Amino acid sequence: MIADFIRHWKQKLFSAVRLNGIFAVHLLLVATVAFGWLPRAVVPYWTLLLVIYFASAPLEESVLFFARSIPFFIAIPITAEFDSLNMWRVLSVVIFLRWLSVEKIKNLLRPNSLLAYSLWLIVILAALSLFTAPSFTLALRRLAYFVNLSLIGIVLHDLVVRNAVFAKRVVRNLTIPTVIVTMIGFFQLATTY
């Protein structure tokens with residue numbers, strides 16, 4: 001019993017150190033790219049490393065990293081003409097695929113909750129808007145963007161419903177970027193005056 005307790009806390013500590021360490025590296029990389037100290041060409045490699053991290057870390061840890069990093073995800077410069085694919089879009093798909101199982105696919109196809117009905121209604125209405133849009137291609141891209149954005153919400157809802165303690169951790173991890181962005185805003189305001 002004591003060995004299980006020690007193993008549990010050792011895993012929690014390792015997970016927290018890994019999450020905080022990778023987040024610190026992410027912030028440093030984003031800052032150095034934003035200031036031009038590192039070329040944007042490093043972003044696809046960092047995104048690949050984050051995909052590996054998301055695929056191997058516990059699902060809850062990946063979701064917490066995602067929540068914590070929302071304002072700090074940047075575009076991946078794939079080619080000179082195509083640099084509008086943001087990191088979060090790739091990582092949300094990785095999280096969703098890790099969460100997905102046969103049983104969850106059945107539940108998504110046969111919604112049994114108000115949330116599932118609402119999601120399907122929004123997707124159907126968005127799909128219907130394709131027929132009235134002035135540009136079918138642009139409307140299709142917006143629909144893909146919306147579906148991509150919804151993936152993390154579906155996973156987050158499932159994890160929060162199953163674990164109330166995790167819900168508190170998500171709120172704490174959403175506070176981190178809020179504080180950082182607010183501090184940057186005040187710094188910009190102070191340097192302006």
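Of the 193 residues in the protein chain, buried ones make up 30%. Keep in mind that this is a predicted model. The protein chain has eight helices and two strands, and its elements run α-α-α-β-β-α-α-α-α-α from the N terminus on.

**The chain as a whole**

- Take the contacts in the protein chain with a separation of 6 or more: 67% of them are between residues 24 or more positions apart.
- The protein chain has an accessible surface of about 12700 Å², and carbon and sulfur atoms account for 72% of that.

**The nonpolar core**

- In soluble globular proteins, nonpolar side chains tend to be buried together.
- Here, the largest nonpolar core holds 35 residues, and the members that touch the most others are Leu50, Tyr53, Phe54, Phe65, Phe66, Ile95 and Val155.
- Two or more residues of this core come from each of α1 (2-34), α2 (43-56), α3 (59-69), α4 (87-99), α7 (136-162) and α8 (164-192).
- Helix α4 gives the largest share of the core, with seven residues.
- Leaving out residues up to four places away in sequence, Phe66 touches Phe54, Phe73, Trp88, Leu91, Ser92, Ile95 and Ile152.

**Aromatic pairs**

- A pair of aromatic rings is described by the distance of the centres and the angle of the planes.
- Searching the whole structure turns up nine aromatic pairs.
- One of them is Phe23 with Phe72: the ring centres are 6.3 Å apart and the planes sit at 70°, so this pair is edge-to-face.
- Phe23 is in helix α1 while Phe72 is in the loop between α3 and β1 (75-76), so their pair ties together parts that are 49 residues apart in sequence.
- Phe23 is buried, at a relative accessible area of 6%, and Phe72 is buried too, at 9%.
- Trp88 and Tyr145 also make an edge-to-face pair, with 5.5 Å centre to centre and 85° between the planes.
- That pair ties together parts 57 residues apart in sequence, because Trp88 lies in helix α4 and Tyr145 in helix α7.
- Trp88 counts as buried, because its relative accessibility is 12% and the cut-off for buried is under 20%.
- Tyr145, on the other hand, is partly exposed, with a relative accessible area of 40%.
- There is also a cluster: ring pairs link Phe23, Tyr53, Phe54, Phe65 and Phe72.

**A nonpolar patch on the surface**

- Which residues form a nonpolar patch on the surface? They are Trp120, Leu121, Ile124, Leu125, Leu128 and Phe131, and together they have about 650 Å² of accessible area.
- Phe131, one of the patch residues, lies in the loop between α6 (114-128) and α7.
- Phe131 counts as exposed, because its relative accessibility is 68% and exposed means over 50%.

**A buried Asp**

- Is Asp158 buried or exposed? Asp158 is buried, with a relative accessible area of 19%, so it falls within the cut-off of under 20%.
- Asp158 has its place in helix α7.
- Not counting residues up to four places away in sequence, Asp158 touches Trp99 and Lys104.

Note on methods. Residues are numbered from 1 along each chain as its sequence is written. This is a predicted model: local features need pLDDT of at least 70, side-chain atom pairs count only at pLDDT 80 or more; totals for chains, interfaces and linings use all residues. Side-chain values use heavy atoms; hydrogens and water are left out. A nonpolar core is a set of buried Ala, Val, Leu, Ile, Met, Phe, Trp, Tyr and Cys residues joined through side-chain atoms within 4.5 Å. Buried means under 20% relative accessible area, exposed over 50%, partly exposed in between (1.4 Å probe, protein chains only). Helices (H or I, at least four residues) and strands (E, at least two) are DSSP runs, numbered from the N terminus. Contact means heavy atoms within 4.5 Å. Patches are made of residues with over 30% relative accessible area and no salt bridge: like charges are joined within 9 Å, nonpolar side chains (Val, Leu, Ile, Met, Phe, Trp, Tyr) within 5 Å. Accessible areas come from the Shrake-Rupley method with a 1.4 Å probe; for residues, only the protein chains shown count as cover. A salt bridge is a side-chain nitrogen of Lys or Arg within 4 Å of a carboxyl oxygen of Asp or Glu. Rings of Phe, Tyr and Trp (its six-membered ring) pair if their centres lie within 6.5 Å; planes under 30 degrees apart count as stacked, over 60 as edge-to-face and the rest as tilted.
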